[in-house]
Every structure is written in structure tokens, then in C-alpha cells.
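Trainee: Please pick one part of this protein and take me through it closely. I would like to follow how its pieces are arranged.

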Amino acid sequence: MNHTIVALATPFAPSAIGVLRLSGPEAFLVAKKALHFFSGALAEDCPRALAYGALMDGDRELDRVIVASFRAPHSYTGEDTVEISCHGNPFLLQQALCRLIACGARQAERGEFTKQAFLNGKLDLTEAEGVADLIAADSQRAADAALAQMKGQLSARLEEINTALLELISPLLAYVDYPDDEIGEIPPEELSLRLEDCLSRIRKLLASYSDGRKIRDGIATVIAGRPNAGKSSVMNRLIGYERSIVTDIPGTTRDTVEETITLSGLKLCLTDTAGLHQTDDHVEQLGVDRTRAALARAELILWVCDGAAATTPEEAAEFAALPSGAKKIVLLNKSDLGIFRQTKEFPGANAIVTVSAITGDGFDQLASLPARLLLDKPTENGELLCDLRHYQCLCRAEEALTRAVKNQRMTPDVLLADGEDALAAIGELTGKTVSEQIVTDIFSRFCVGK
Ligand code: GDP
């Protein structure tokens, strides 16, 4: 298998520049075959270099390019790497890619550059996953969390736990191997303290998953209320354009309509619903059923009501029947027509905001509420567990250490087995002991060229 890989690192679309990336033991050789330098050269005698030249197909010039090169190990992948900035014409970029393949490189697979960086010890697995998350992040908070993970904030905490676990199990290992020697026995009180310390570090990280998941994946948010309350108008106001059809004919929105927005840097996955009401219309009834299904999954409900009209018994009953697990923000809409409702009409509401979907009044106050209602306090060091794989690995580490706490009065070999299980779970998380299949799965979720 040829280890020198090439891919376009930028989109195949007209743009100012398009960057082709080459990495591997023969990256400089391939580049030299394809390039003619006018000034500067490849970083063969220094860690990195910038040069200017032409990309050639035999005697024919394909493009004038800037060439950044990085000599191993001073590159992202840890291997010799060349990045060629071409003009961003898709047709030209395709020709350039073919040329580099003809000169000896192989088209890279998805995530192969980052996989190489992982295999060369440039990044651990959580840091590499942070890179993919940063590319995919679609809100400020998600980007901040991904950047922190990419920079190794989570890895640092995991390394601390790893070290504490190693210190715990090394004496046990010595004791199991040499039971007649005096070495290695940890006094029971100290053993107990150390186990509890490791457990509490793991539990702190586990507790951050609730926020991390919401920040990365967004908050499942449902806009619900009586027909004509202004749900679609609120949805349109939030997303900033006319996505849902607005009329004064009740039952216009028959199906659920989905969009994502960010409020105070937090992603909300919005669903505008058909409203909750009794109907004989079969199609409308399907819409109401979908509304109920969306409500059952919701983490946040924006309950829109016509604030200019009095509460009806049906509306009060529907509000009272909303799922208890979701946070509820009541939007007293149509404030431009006057508000004739009282807060006591909405028992169980987490917040009540007066708005007008027509004028936009009150939406500033709404902006900070979802983050305030749905996110916990950040951890001391601000690290977040955002990924289900990380959460599951840490759950296994926690289970193993919980068993160890129960088993601490048993023979050292029992305790050792629990400690090793915990260590293996952390190793799977950071990539130290992860299987080839898991690594392949993780990098297959990356884009080509990263
Ligand atoms: P939905 O059935 O709950 O989705 O309600 P719509 O968004 O379709 O709105 C129903 C009617 O109320 C339309 O005629 C809207 O123009 C009107 N409407 C919505 N929001 C406001 C508002 O804030 N003020 C006023 N005056 N009318 C509104």
C-alpha cells in the first residue's frame, strides 16, 4: 500500500484558492516531479518552507502555485507534507489532483491525514475527534467545545485519571506477582481514598455530558400552541425568513417544519408544529399526532399563545398536559395588540416572555433563556464530554471502579482486574488501546482531505 496520499483539502467549488495536500514518505519526491520552482524550494533541509512555482503536466503549465512544505515530524501528520495552493477552479483542481496521482501519490481516504497524525502520536483519539467536530460545529458553543477538545483539554483530564489509576494498580501488580515480598501493599484507608478520587474525577466528566451533548447536537425544541396563536410567525421571526406559511386560517401548518437556529451561541433544532386541537380532518389529525410525537422528544417547548386573547379551557388543559421532562418557555405573542394574560395561568412554566412576532419586540429577552434553562454550570476547568463514544467508555471505567470500591476488601488480584478494566476503558477513549475497527470507524466519519 502506497503511504503517500493526496487529496483536495478545500471544497471542489469555484473559490479564490484550492489547496491540495500531499503527505507521506514520498511527498517531496512526488511534488518535485509535478512542480517547477521559481523561488524557494521544498523543506528538505529545514522544518518548513514556502515556495512559488508552477504545477506542470510534462512541459505544459497547469497553474501558478504557492507551495508550503513541512519536513517530518514538523507537520500535521508527522510525515513529510506538501500543501499546494492552486487557483480554485474545480476543473483545474481535478487536473492537478490527477497529476499528483500520476506522479506517485494515492488518493487519500476520508480522514486519512488525521488518522496518520493519530498513528504518528501527533494527536490522541479525542483530539482527532475534536478536529472533526470543529469542522462540523454549527454554533459558537459547539465550536468552542470542539476547539478545547482538539487542543487537548479533555486529554489532559484523562491523562490525570490514567496516571492516578496506574499509581493505584502498579503496587497491586507487584503484590500479585510477588506475594511474599513486602513491596506494594497499599494501606486500606489509602486505597479507598485513591479509588474514590479516581471515581470522582470520572463522575465529574460524566456529569458534563448532559451539557456537552446539547452543545454539540443542539436542543430539540418544539414550537407548540393553539391554532392561530402565531407559532409559524414566531418560527419565521427566529430563523429570520419566511420558512413556515403564515395565514389567519387555523390549521395552515399541517405537518411539522424543521429548522436549526443558534441563540446565544447554542444550537436549537426547531420544530414548528400543526398545533394541538381536536379535528375531523384526517390530514390535520396526522399533523396533530406528529405534534404530540415531537413534544414527547422535546427538551425545550416554546409555548406560543395569543396574548391578546383570553385563555380558553382547552388551551389551559393542553398546556397542563405538556410533557414534564421538557423546559417550557411561554411566549405571550401579539404584544402589539396588548396582553391580556397573567403569569399564574401557566403553572409549571420555566419562563414567560412577552413578544410580538410581527414587530420583533421581546425576542432579545428570549435569546439567553434556552442556555440559562438547559445548561448546567461549566466544570472547574471547562472541559466537556460531547461524544457518545467518550461517554460510553467513561461509563465502563466508572462501572469498573465502582466494582473495585465494593471489592476493596477482597484479594488484590480481584481489585487488579477491576483497575485494569477501568484503565482499558480510558485507553479506548484516548486511543491507546483502541481496536483497529474503532479507529477505522471514527476516521471514516471525517471528510476527504482532513
Ligand atoms: P399559527 O397557526 O399558530 O402558526 O399562527 P400564524 O403564525 O399562522 O399566525 C396566525 C395569524 O396571527 C396571522 O394572521 C399572523 O399574521 C397573526 N400574527 C402572528 N403573530 C402576530 C403578532 O405578533 N401580532 C399580530 N398582530 N398578529 C400576529
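Mentor: Happy to! Two strands count as paired if DSSP finds at least two bridges between them. Strands (E, at least two residues) and helices (H or I, at least four residues) are themselves DSSP runs, numbered from the N terminus. What you see is a predicted model, where local features need pLDDT of at least 70, side-chain atom pairs count only at pLDDT 80 or more, and totals for chains, interfaces and linings use all residues. Residues are numbered from 1 along each chain as its sequence is written, and side-chain values use heavy atoms, leaving out hydrogens and water.

Six strands form an open sheet with mixed pairing, in the order 9-10-8-11-12-13. Its edges are strand 9 (257-263) and strand 13 (351-354), each of which pairs on one side only. On average, neighbouring strands are turned by 25° against each other, direction ignored; the axes behind such angles are lines fitted to C-alpha atoms, for helices over the stretch in contact, and angles between N-to-C directions run from 0 to 180 degrees.

Now zoom in on one pair. Strand 11 (residues 300-306) runs parallel to strand 12 (residues 327-333), and seven bridges link them. Here Trp303 stands opposite Val330 of strand 12.

Finally, a helix joins the picture. Helix 8 (residues 209-217) packs on the sheet, where it touches strand 8 (219-225) and strand 10 (266-272); contact means heavy atoms within 4.5 Å. The direction of helix 8 makes about 65° with that of strand 10.
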